[in-house]
Number of protein chains: 2
Amino acid sequence: MNENKKHNFGAGPCILPESVLCQAANAVIDWNDMGLSILEVSHRSPEFESVVLKTQLLVRELLHIPDSYAVLFLQGGASTQFSMIPMNFLKGKSVAAYLDTGYFAQKAIQEAKHFGTPVIVGSSRDKQYNYIPDYYDVPSEAAYLHITSNNTIEGTEQFEFPTQGIPMICDMSSDIFSRMVDVRKFDLIYAGAQKNMGPAGMTMVIIKNELIDTITHEIPAMSDYRVLEANNSLYNTPPVFAIYTAMLNLIWLKDQGGILGIEQKNIKKAMLLYKEIDENPLFYGLAQPAHRSRMNVTFKMYDESLEKVFLTFATERNIVGIQGYRTVGGFRASLYNALPIESVQVLVTVMRDFAAELGLHAPLNDLQGAVGLARQATS
Amino acid sequence: MNENKKHNFGAGPCILPESVLCQAANAVIDWNDMGLSILEVSHRSPEFESVVLKTQLLVRELLHIPDSYAVLFLQGGASTQFSMIPMNFLKGKSVAAYLDTGYFAQKAIQEAKHFGTPVIVGSSRDKQYNYIPDYYDVPSEAAYLHITSNNTIEGTEQFEFPTQGIPMICDMSSDIFSRMVDVRKFDLIYAGAQKNMGPAGMTMVIIKNELIDTITHEIPAMSDYRVLEANNSLYNTPPVFAIYTAMLNLIWLKDQGGILGIEQKNIKKAMLLYKEIDENPLFYGLAQPAHRSRMNVTFKMYDESLEKVFLTFATERNIVGIQGYRTVGGFRASLYNALPIESVQVLVTVMRDFAAELGLHAPLNDLQGAVGLARQATS
């Protein structure tokens, strides 16, 4: 363990497991004793084709993906999917349905306008996106319903997914691999890799073959799911290093007990931090409790003038990446898979210490603890 | 130097300098003693914004790019540029002119058909693309002329560039940074990074601001040069590691005497190999001599039945990546910037040794050398 190592709460690109970083660094020097760097191997080599295959198999195994879906590794980020989805599926249809749950959902809606009419079937804009709309009526003629399972910037997460009788498309960029979801409820899932999957520069698409079969019009090759699927993500030179490092990271995830194993750890980490936010007299959470994200915890201080001071206080204690997104302000602590619970404990301690330095009473649970210790000492 | 190190003639992703690989590997563990991996830093951090800026400045300095051009780092490979270019510039115009010099030029032409009418103003298809057409008449109403400066698969390279009075667009994927070109002759230059720039997963676009200003129609954000330029390549999460490693590689290139320095080395490497191809009785070159690429040397054996045997012979001597592209066959030795001349000497020796093992006379220049040595010994 690097002693200088920071507690990295960044929203993405984000923390990756130290063992994965070591293996990736070794492969940059000499991959599998081949005498070649992973950066120097041909994407058409049998060795790299095995990497693509193994990464696909790991994704299928971890998420229990049926054979009726394809798994693609693409470039361009989720932002490119925002336009590829309507380019492939909205053409010739009247409308597509979108759930408006935040900044990135809005971006997806904007891109759909280039290809047809997006209809917003529910929105939490009225309350600064601090919740997930729980009822929405989707036009049956809609080409698809697009939702965002986790809103990275606002710190909300959707835990129940409706069945609507039309193709369900979900941006899972910031909570993929953090919890078990029933892939069969979706027709297309996409995710930028730079949270729980691997480094920046790769985007995963899980798409039902039946949905691919509905595409019949001409589309530029690099935007055409038919072409990308038929070429098994190797239509052109793929982001070799990002795919390789994602494979290492998914092997690590499997070793953690797979998604069910990591989900339990993620629940504990989120509970620990939300508990402190609720109990510490200085802080309050932004998301409504039922819709609180386990991945991105957004919070502010009652006294906003203290936020800069707290940020410095935390930074001096090796905490990085907790500044809130520029449109939201306050703080955002991202608790992705690779963040150890010890880092959350450090953050919680820093929040308590900061309150103590201000001469405020320690939070209730600590007072109870202190009372208990005092009793033991005098008994 | 790794003793197991191979002589890597791969066409891309290709060899990178060993010092660059070491620095990149170190940064994967701990970048600049920050206590964070380069894979874990936010793309919005001042540290990474400095990397983008420094990489841009290096590109400008090395290629003498005037301020009237923007330098962008994108995703999706040159294949994505094949459609982005007509999407941005062909719309509303009658035709765009294309020079058909090989496999990738053909791909660019195919993608243009989604947005308008590409007109082929010259083609070397009649001779398996073994030359660059030297005269072509471009319609004055064409939106632009698209050329491919180096044809990776066929092994031809264009050394003179015409002025046509319409925007000049050039795919320089496989010879960018290998020789000095006058950027001012072009309105848009693009290149996949995975040859002379860095690892796979990044694409560079050098675009004249005046050309960007001609775009007036609606385009999806990730395909809109206006958006990408206005956001300085940070519209969404960029391929952080690929950009960082490209920066390291361009610093290395500067230390080699810049492009003029590397160009002299590249000329020597190419001359050495072409000389052997011309003199060795077993081999012949595919490209016409005046259009021979310095980056990708394509050749075959007069007796095709020997090609598999030679490939094994070379592989046993630590040579990798010389198999020809599937549609061309034979061999292709790529001599990118980072390939040392020593590797070319090894390949040349292997070609001679193979001829000698077959009991063929040594090539003429060796016989002359042997005669000279014999004379010295007896004089």
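I looked up the packing of helix 9 (residues 307-315) and helix 10 (residues 341-357), both of chain A, in this predicted model. Their axes come within 10 Å and cross at roughly 125°. Axes are lines fitted to C-alpha atoms over the stretch in contact, with angles from 0 to 180 degrees between N-to-C directions. Helix 9 of chain A and helix 10 of chain A are therefore oblique to each other; that class is what remains after under 35 degrees (roughly parallel), over 145 (roughly antiparallel) and 65 to 115 (roughly perpendicular).

Next, the contact (heavy atoms within 4.5 Å). From helix 9 of chain A I list V309(A), F310(A), F313(A) and A314(A); they meet V350(A), M351(A), D353(A), F354(A) and E357(A) of helix 10 of chain A. I class the residues of this contact as seven nonpolar, no polar and two charged.

Then I turned to cavities. A cavity is a set of points on a 1 Å grid where a 1.4 Å probe fits but cannot get out; lining residues have an atom within 4 Å of a point. I get seven cavities of 30 Å³ or more. I find 34 residues lining the largest cavity, with G76(A), T80(A), Q75(B), G76(B) and T80(B) nearest its centre. Helix 3 of chain A gives the largest share of that lining, five residues. By class, I note 19 nonpolar, 15 polar and no charged residues there.

Notes on method: residues are numbered from 1 along each chain as its sequence is written, and chains are lettered from A in the order in which they are written. Local features need pLDDT of at least 70, side-chain atom pairs count only at pLDDT 80 or more, and totals for chains, interfaces and linings use all residues.

Terms used
Heavy atoms only, no water. Helix = DSSP H or I, 4+ residues; strand = E, 2+ residues; numbered from the N terminus. Nonpolar A, V, L, I, M, F, W, Y, C, P; charged D, E, K, R; others polar. 1 Å grid on protein atoms, 1.4 Å probe; cavity = no way out; pocket = protein on both sides within 12 Å on 5 of 7 lines; lining within 4 Å. Points joined across faces, edges and corners; volume = space filled by probe spheres on them.
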